Amino acid sequence: MRCFYHRDVEAVATCKSCGRGLCPDCAHDVGNGLACVNRCEAEVLALNRIIARNKTAYEKTSGAYNRTALFYAAVGAVFFAGGLANWRGFGWVLVPAGVIFFLSAYVHYSTGRRFRGE
Ligand SMILES: [Zn+2]
Ligand SMILES: [Zn+2]
């Protein structure tokens, strides 16, 4: 591929924004990607910002799902143990409730994994 702006020069990179071939003189490294010099820097910077923001949003969502999963698992454990200890009283109600909390914990945990891309 040749540089889009210098047809006789071999391209060494492509612009992250417009995808044109760039020679060393035309490629401007804006941090996390190359842009056409004096042309696409702003677009590539904006693009990088959007990607970075999405990444933190995903990590935050994943963390929230994990905390909810932990909470459900803890409540499930309390219900389950309390239910077994009071089986002759109202324990038979608590044990299935504990199982349901465990299932919710698992669902939240696996949803959080999806957000992390695992
Ligand atoms: Zn460009
Ligand atoms: Zn060039």
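Predicted model: local features only at pLDDT ≥ 70, side-chain atom pairs only at ≥ 80, totals over all residues.

User: Let's start with the helix H2. Where does H2 bend, and what follows within four residues?

Analyst: H2 bends by about 30° at valine 93, and proline 96 follows within four residues. The bend at a residue is the angle between axes fitted to the seven residues ending there and the seven starting there. Side-chain values use heavy atoms, with hydrogens and water left out, residues are numbered from 1 along each chain as its sequence is written, and chains are lettered from A and ligands numbered from 1 in the order in which they are written.

User: What makes a stretch count as a helix or a strand, and how many of each are there in the protein?

Analyst: Both are DSSP runs numbered from the N terminus: helices are H or I with at least four residues, strands are E with at least two. On that basis the protein has 2 helices and 4 strands, running β-β-β-β-α-α from the N terminus on.

User: How does the reach of H2 compare with the span expected at 1.5 Å a residue?

Analyst: H2 has 30 residues and reaches 40 Å from its first C-alpha to its last, close to the expected 44 Å. The expected span is 1.5 Å times one less than the number of residues. For H1, with 45 residues, the reach is 66 Å, close to the 66 Å expected.

User: Why is arginine 113 called partly exposed?

Analyst: Buried means under 20% relative accessible area, exposed over 50%, and partly exposed in between (1.4 Å probe, protein chains only). Arginine 113 is at 33% relative accessibility, so it counts as partly exposed. Arginine 113 sits in H2, and its C-alpha is separated by 8.7 Å from that of tyrosine 65, 48 residues apart along the chain.

User: Which element do the buried residues of H2 pack against?

Analyst: They pack against H1. The buried residues of H2 include Gly91, Leu94 and Ala105.

User: Why does asparagine 48 count as buried, and what is it in contact with?

Analyst: Asparagine 48 is at 13% relative accessibility, so it falls in the buried class. This asparagine is in helix H1. Leaving aside neighbours within four places in sequence, asparagine 48 is in contact with Lys16, Val30 and Asn32, where contact means heavy atoms within 4.5 Å.

User: On to the metals. What makes the arrangement around the zinc ion (ligand 1) tetrahedral?

Analyst: Its donors are Cys15 (SG), Cys18 (SG), Cys36 (SG) and Cys40 (SG), at 2.2 to 2.3 Å. Donors are N, O and S atoms within 2.8 Å of the metal (3.2 Å for Na, K and Ca), and water is not among the atoms, so sites may look incomplete. Four donors count as tetrahedral if all angles lie between 85 and 135 degrees. Here the 4 donor atoms subtend angles of 102 to 117°, so the arrangement is tetrahedral. Cysteine 18 lies in the loop between E1 and E2 and cysteine 36 in E4, so the pair ties together parts that are 18 residues apart in sequence. Cysteine 36 is buried at 0% relative accessible area, whereas cysteine 18 is partly exposed at 35%.

User: And what makes the zinc ion (ligand 2) tetrahedral?

Analyst: The protein donors are Cys3 (SG), His6 (ND1), Cys23 (SG) and Cys26 (SG), lying 2.0 to 2.3 Å from the zinc ion (ligand 2). Their angles run from 99 to 115°, which makes the arrangement tetrahedral. Cysteine 3 lies in the segment before E1 and cysteine 26 in the loop between E2 and E3, so the pair ties together parts 23 residues apart in sequence. Cysteine 3 is buried at 0% relative accessibility, and cysteine 26 is buried at 5%.

User: Last one: how does the radius of gyration of the protein compare with that of a compact globule of 118 residues?

Analyst: A compact globule of 118 residues would have a radius of gyration near 13 Å, but the protein has 27 Å. The radius is taken over C-alpha atoms, and the globule rule is 2.2 Å times the number of residues to the power 0.38. The C-alpha trace spans about 90 × 20 × 15 Å along its principal axes.

Methods
Tetrahedral: all angles 85-135°; square planar, octahedral: opposite > 155°, others 65-115°.
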